[in-house]
Each structure stands twice: as structure tokens, then as C-alpha cells.
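Subject: Structure handover

Hello,

Here is the structure for you to open alongside this note. Please keep it on screen while you read what I found.

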Amino acid sequence: VTESTTNMAETATLESITEHERILQEIESTDTACVGPTLRSVYDDQPNAHKRFMEKLDARIRNHDREIEKMCNFHHQGFVDAITELLKVRADAEKLMGQVTDTNRRLQDAGKEVTVQTEEVIRCRVQQRNIATTVEKLQLCIPVLEMYSKLKEQLDSKRYYAALKTMEHLENIYIPRVSQYRFCQIMAETLPKLREEIKEISMSDLKDFLESIRKHSDKIGETAMKQAQQHRTFNSAVQKQASAGYGKPLYMLNGKGSSQKNGIPSEEGAEEEEEDTDEEVLTAQDLVDFSPVYRCLHIYTVLGDRETFENYYRKQRRKQARLVLQPQSNMHETVEGYRKYFNQIVGFFVVEDHILHATQGLVTRAYTDELWNMALSKIIAVLRTHSSYCNDPDLVLELKNLIVIFADTLQGYGFPVSRLFDLLFEIRDQYNETLLKKWAAVFREIFEQDNYSPIPVENEEEYRTVTSKFPFHDAEIEKQQFPKKLPMSQSVPQIYIQVKEFIYASLKFSESLHRSSTEIDDMLRKSTNLLLTRTLSSCLQNLIKKPHIGLTELVQIIINTTHLEQACKYLEDFITNITNVSPETIHTTRLYGLSTFKDARHAAEGEIYTKLNQKIDEFIQLADYEWTMSESDGRASGYLMDLINFLRSTFQVFTHLPGKVAQTACMSACKHLSTSLMQMLLDSELKQISMGAIQQFNLDVMQCELFASSEPVPGFQGDTLQLAFIDLRQLLDLFMVWDWSTYLADYGQPTSKYLRVNPSTALALLEKMKDTSKKNNIFSQFRKNDRDKQKLIETVVKQLRSLVNGMSQHS
């Protein structure tokens, strides 16, 4: 065991020595900075290893010292020799050091000036480099400054669109190159403010533009409407030249071509228009500078705010449209009021049309159409209202012509105007109404100035003058020698001329309405029918009813209406010649003049009958019978003779009347006279009547019968006229003959001699006579004849009463 332990110890010692050698070799070969880990391994080994290592280290040090000593001994002589040589060199080195110091001093003294020059060169080189850098940077900055200066000049010269382009170049190209400089930063901050200023300035220019076009819209519209009228005149002249070979003009007035007015060009007017066309034609651009709106539009487009600009422009124009469409309260009083109204509207839409075509999207067709539809509704309402106040047909006609030119002008710019022509048809009806009122006054004046006497003509020239105005043809009158009289009065040719003038006036409105000849023909005929059936008819009816119109005037009115009725076919031909529409056309309206004049004639005839009866009543009121006279005067009453003389003279005037009219008037007068005389006998206020009064009354009736039998009006057959007095005759015969037995015996028989005597009539008259017999013959009861007569009367009265009662029961 001891051996093994000894062996193990020896083995451990050997291992320890070997390890210490390795460590020492590492220490010797390793950098001193890395010795730490090696030394730590020494302390990590066995506890006594440190001592052994120290021992080993000391041994190694002694070993190295011996080697150093050996080496020093070997090189000592060489070291001594080197020191000796070094001491020799030291002296030379000190000498050399002095020389070098002296040389250096002299060199320093000589290099001072070079140093100064070198420093100067260096400074110049720095300056040169700085200048080159500055030039380089300035070359970058100068374009920016030049562009900014250019921007200022553009702003000063109000070239805002170019200024915005310059700003865009500055921001996108120039400023980014030199953005590090403060002036560029200031410049960049200034550009948005300049943009806002440009927006404000351009908007101010736009406002001035809007105000300018508001002021100039009247002139623009006037120019546009004038050009449209010139164009229409030119087209009309071309059409006339094209149709010149086809003969007569459209219509003639009093044998001469009518000179049209109120917008329908005459020959003089055509010459004036030709002179006007030689003048320079002005357009909207000539009258208004549109550059502000273009400029403002471009500016807002560049600034990306186009929508705001479009909305503002449209809003302002809508406001202006409302102002333009608002008429003056007294616009309807003069044509100038309407013309100014139309000029402003046309000017407004001409500007909008120009903006539509000159800009891209500022206004659109949909926008202008919407604006026009709104305006058109307002215009129609305004015209409908204001035209209703107008009572002057000439003003209405001028309004129509203005509306036509207004519509043609705007139609030329692409605006739909069909509703305006529909409005013209409404205004046409109003125009016809004003014409009817005007012609009613004309007709009344003609009737008031007429003398209601046949027209006297002294010679052929006067005759031709009348027949040139009125289509009168009568072979018998033409054969008569001068001087002679035409049957109608002066009012007939005047009425005929005025009807033709009315047709002319109505035609003026129908022209330029873009209607066919058939439609114009229908308009003329309808308006003429209104004139005849309403206006002229009303004037005739009022004339007939006037108190100062006597029988002579009524007779002349009947004659006049007869001739006017005959002239209606010439009016038909007159309208046909104007419109060139055949009267055989299916839809051609016929003139109703025949019925108008027939109705007037019937009214005049009725008025004749009425006035005759009134005259008869006036004469009857003059009757002064002494109803209790004992016997008649032996002659007819004076009032009745005057009445018969009046009737004779009156019926002589009726010779020019149609036969039936005169006969009817005569029969009506006789019947009314007979009825009035019968009512006089049967008057309830007449209580008593004597036989003498009956005899006197019989004489008057006999005069009436003689008048009837004298044929005061030709054409009666036999005793037809006398039959008007048959009731009176049979009643008076019954009382004169006192033939009661025959009357009572034959009553109800068709062959009765007193067939027309009514029992109630006979009873009423007989009772009046009975009362007279009682009062006037106080002593009649003492005379046998009177008593018998009184009894007979009472008997007849009883029988008549029984007949009357029987009639009432039967009825």
C-alpha cells in the first residue's frame, strides 16, 4: 500500500511538473493581457500546486538570468565599441544639429513671405470656391426670382390665367430646387394668398361682367331681333319675287296694293330694311366683352374650384332672369314697353347661348332648356295678363308682331317657341274682340250719320263711285235716266267697306303665324262671322229699338239689310281671293251673314208692327165719344179719319218693302185697330152706351172697312183685309138691326149670319144699353113700345147668360 501510495504521489508530482511547464510556456508565448486565465488555472489545481509553481517559476527565472548573462558576456566588447563610436558620432551630431538649426532659422526667415503668399493663395482659393458655389446657387435661384418677377408683372397687367400658370411652374419646378432658402419659403407661403387674391379679383371682374350684360341685354336683344326681322324680310322678299309671275298681289285695298304696317313690311319699309342691312351687323361679342367670364372660368378651373364658379354663375344668372322676366306695371300701355321687355329677354338668352357654345360646360343645354322653360311659362303668364288690359287693336297687332319676331329670334338660337304661337291664338281671339269693339263703334257712327234715305246719284260718275264700293246691280235702275236714286241708303256701302276693312285687319294678325292658307281662311271666316252675327247684328238690333227711329227709317233699314244680305256672297268671294282657298273645300266655314240680316230684318219688321200699333193706340186715345148721344153725327169721327190718313201715307212708304212685309204690316194694323175699337166698346169703365153712340161707332167702322177695301197695300186677294173688321161688323149689325131672334136661332150654326159674335161680348154690350134705357127713359114704363123693348132686352139677356153659362160648363 505504501508503495502504491508512493507511486501515486510520484505520478501526481510528474503530472504537476508537466502542467507547470505548459503554463510557463503559455505565459512566455502569450500576450500579457491574456495571462489572467492561465494564472487562474494555477490556483484551481491542488492546494500545494501554487508553491510548486512558484518554485518552478523561480527556477525558470534563474535559468533565464544565466542565459542573459551568457549573452551579455558574449556581446560586451561589441557594446563597448558601439558606445565609443556613438560618442564620436555625438560630437558630429551636435555639430550637425547646429548646422541644421542655423539652416532651419535661415529657412524660416526665407519662408515667412512664402507662407504669407500661401495663406493668401489659400484664402483666394476659398473665396474662389465660395464664389463658384454662390454662382451655382444663384443660377438656381435666378430663374425662381425671374419667374416671381414675371408673376408680379402678370398680376399687375391683370393676366391672371398666365399668372396661375407661372405659380404652378414655381411650385412644381423652381421652388423645390432651392427650397432650403428662406426667401423661397416666404415665396411659397405667399403663393396661396396670391391665388386667393386672383380668385377675388376674377370674381369681381365676373360681377362687373354680369352687371354689364344686365345693362346691355336690352341692346343685345334689340340687335338680335332686328337681325331676325331683316332675315324674315329677306325671306319674304324672296318669296314675293318667286311668286311675282303668278299674277295679282295677296290682296288689294281700294284698288291699290296695301301698305302693310305694324311689323308687316311695306315697300317703303322694305327699302328702309335694305338700307339697314347695309350697316354693320353687330353681335353679342361686339356689344359685350366676354373675356372676364372666360378668364374667371379658366382661373377657377386651374384652381380646381370650377364647380363653385359654375354654381355661382348659374345662381346669379337665375336671379337676373327673374329680374328680366319681371315686367313694368304699365307695360301694356305702349308698344315700347313690350319691345323693351322682349329685348331684355332676348338679350339674356342670346348671352346664355353664346356662353353655351363658347365655354365647355359652364352652362349646358339642359340648364338653358330648364331656364328657358321657366322663363317661357313666366313670359306667357305676363303676356296673357298684360294683353288682357289692352283695348286698342293696333297695339294688340303690334304686340303680335313683336311676339312673332321674338319667337323667330329665339327659335334661331335653338329655343322651342311653339307655346308662344299657341299664346298668339289666345291673343288672336282677344285681338278679334278688340276689333269687334272698334267696329261696333264704327257701325254705330255709320248708323248715327245715315239719313235713311235712298242714295241720290246725279250722273254716271257718282253711280260708278257707289257701285265700286258696293256690289249693286239692278237692270231696271240702270235703265233709268239721271238723276236717279238707289234703293239703299248711304250706310250700306259704308258697312260693306268696313266689313272688308275688318277682314283686312283680321288678316294682318293671321300673317306670319306659320299657318296654312286653309287655317288662315278658317280664321278669317270665323272672325267675320263674329262681326256679322254678333257686332253688326247687335248694332242693328239696338238701332231698331231706338226711340227716334220711325217707320220710314225702319222701312229703309229693311231695304238696307236686304241688299247687305245679297252682298254676302261677294264677301265670300273676297275672302276666297285673299286666301286662295276654294269655297268648295270640305272644312271651309260659311259666312252667317244671311241669318244676321234676316234676323235684323225680322226685328225691323216686328218693330214696324209695334210702332204702327203704338201710333194707332195714340190715335185711339184721342177718341172722344159721347156714349149717351141720342143719335149719330152723320159722319165719321175726326180722330179716325186722321188715323186712316196716317195709315194711307204710311203704307205708301211701304212700296219698296217686300210684298209680304207690307201686307203683314197692313193686316196687323187693321187687326190691331179692330181689336182696339172692340176693347173700347167693351171697356169695363164704360157703364152706359146709347143706340146713337152705336150708330156713330158704326160710321167709324164703315170708314175702316172702306179703307180696307181700298187696297192700301197691293197683293191682298178679295176682301181678305176687310175680314179684320168682321167681328165688329157682325156685332154692330146685330145691334143696329136688332136681329136677336136670328142670332139666337142660328147660334152655333156654321152658316149663322152672326157667327163671329161671342155671346159674352153681346151680353156685355147689351147690359150697357139696358142700363142706359133705364136711366135715360124715366117714363118708359108708361109707353107700351118701350116696355116691350125693355122686356125683349131682359129676355135676350137671360138667353145670352144661359149661352154663356153653357159655354163655360162645356169648356
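Lys199 is buried, because its relative accessible area of 16% falls under the 20% cut-off. Please keep in mind that this is a predicted model. The side chain of Lys199 meets that of Asp305 in a salt bridge, at 3.1 Å from N to O. Lys199 lies in helix α5 (residues 182-242), while Asp305 lies in the loop between α8 (291-302) and α9 (306-325), so the pair ties together parts that are 106 residues apart in sequence.

Side chains of opposite charge can pair when their charged atoms come close. The count here comes to 28 salt bridges. A few others are worth a look.

Arg384 and Glu426 form one of them, with their closest N and O atoms 2.8 Å apart. This pair also links distant parts of the chain: Arg384 is in helix α11 (residues 365-387), Glu426 is in helix α13, and 42 residues separate them. Arg384 is partly exposed, with a relative accessible area of 40%. Glu426 is partly exposed too, at 38%.

Next is Arg525 with Asp521. Their closest N and O atoms are 2.8 Å apart in a salt bridge. Both residues sit in helix α17 (residues 517-545), four residues apart, which is about one turn of the helix. Arg525 and Asp521 are both buried.

There is also a network. Salt bridges link Asp102, Arg105, Arg106 and Asp109.

Now for Asp408. You will find Asp408 in helix α12 (residues 393-412). Asp408 counts as buried, because its relative accessibility is 17%, and buried means under 20%. Leaving aside residues up to four places away in sequence, Asp408 touches Arg232, Phe421 and His514.

On the surface, look at the acidic residues. Asp624, Glu626, Glu631 and Asp633 gather there in a patch of negative charge. One of them, Glu631, lies in the loop between α20 (593-621) and α21 (638-653). Is Glu631 buried or exposed? Its relative accessibility is 55%, so Glu631 counts as exposed.

Some backbone points to check:

- Phe482 and Pro483 are joined by a cis peptide bond, with omega at about -5°. Pro483 lies in the loop between α15 (475-479) and β4 (484-486).
- Tyr452 is not a glycine, yet its phi is positive, near 55°. Tyr452 lies in the loop between α13 (418-449) and β3 (455-457). With 8% relative accessibility, Tyr452 counts as buried.
- Trp738 also has a positive phi in a residue other than glycine, near 60°. Its place is the loop between α24 (726-737) and α25 (740-746).

Last, the whole chain. The protein chain holds 27 helices and four strands. Of its 811 residues, 39% are buried. Among contacts with a separation of 6 or more, 79% come from residues 24 or more positions apart. The chain exposes about 46,100 Å², and carbon and sulfur atoms supply 52% of that.

If you have time for two places, I would open the pair Lys199 and Asp305, which meet in a salt bridge, and the cis peptide bond between Phe482 and Pro483.

Best wishes

Methods. Residues are numbered from 1 along each chain as its sequence is written. This is a predicted model: local features need pLDDT of at least 70, side-chain atom pairs count only at pLDDT 80 or more; totals for chains, interfaces and linings use all residues. Side-chain values use heavy atoms; hydrogens and water are left out. Patches are made of residues with over 30% relative accessible area and no salt bridge: like charges are joined within 9 Å, nonpolar side chains (Val, Leu, Ile, Met, Phe, Trp, Tyr) within 5 Å. Accessible areas come from the Shrake-Rupley method with a 1.4 Å probe; for residues, only the protein chains shown count as cover. A salt bridge is a side-chain nitrogen of Lys or Arg within 4 Å of a carboxyl oxygen of Asp or Glu. Lys and Arg count as positive and Asp and Glu as negative; His and the chain ends are not counted. The place of a charge is taken as NZ of Lys, CZ of Arg, CG of Asp or CD of Glu. Helices (H or I, at least four residues) and strands (E, at least two) are DSSP runs, numbered from the N terminus. Buried means under 20% relative accessible area, exposed over 50%, partly exposed in between (1.4 Å probe, protein chains only). Contact means heavy atoms within 4.5 Å.
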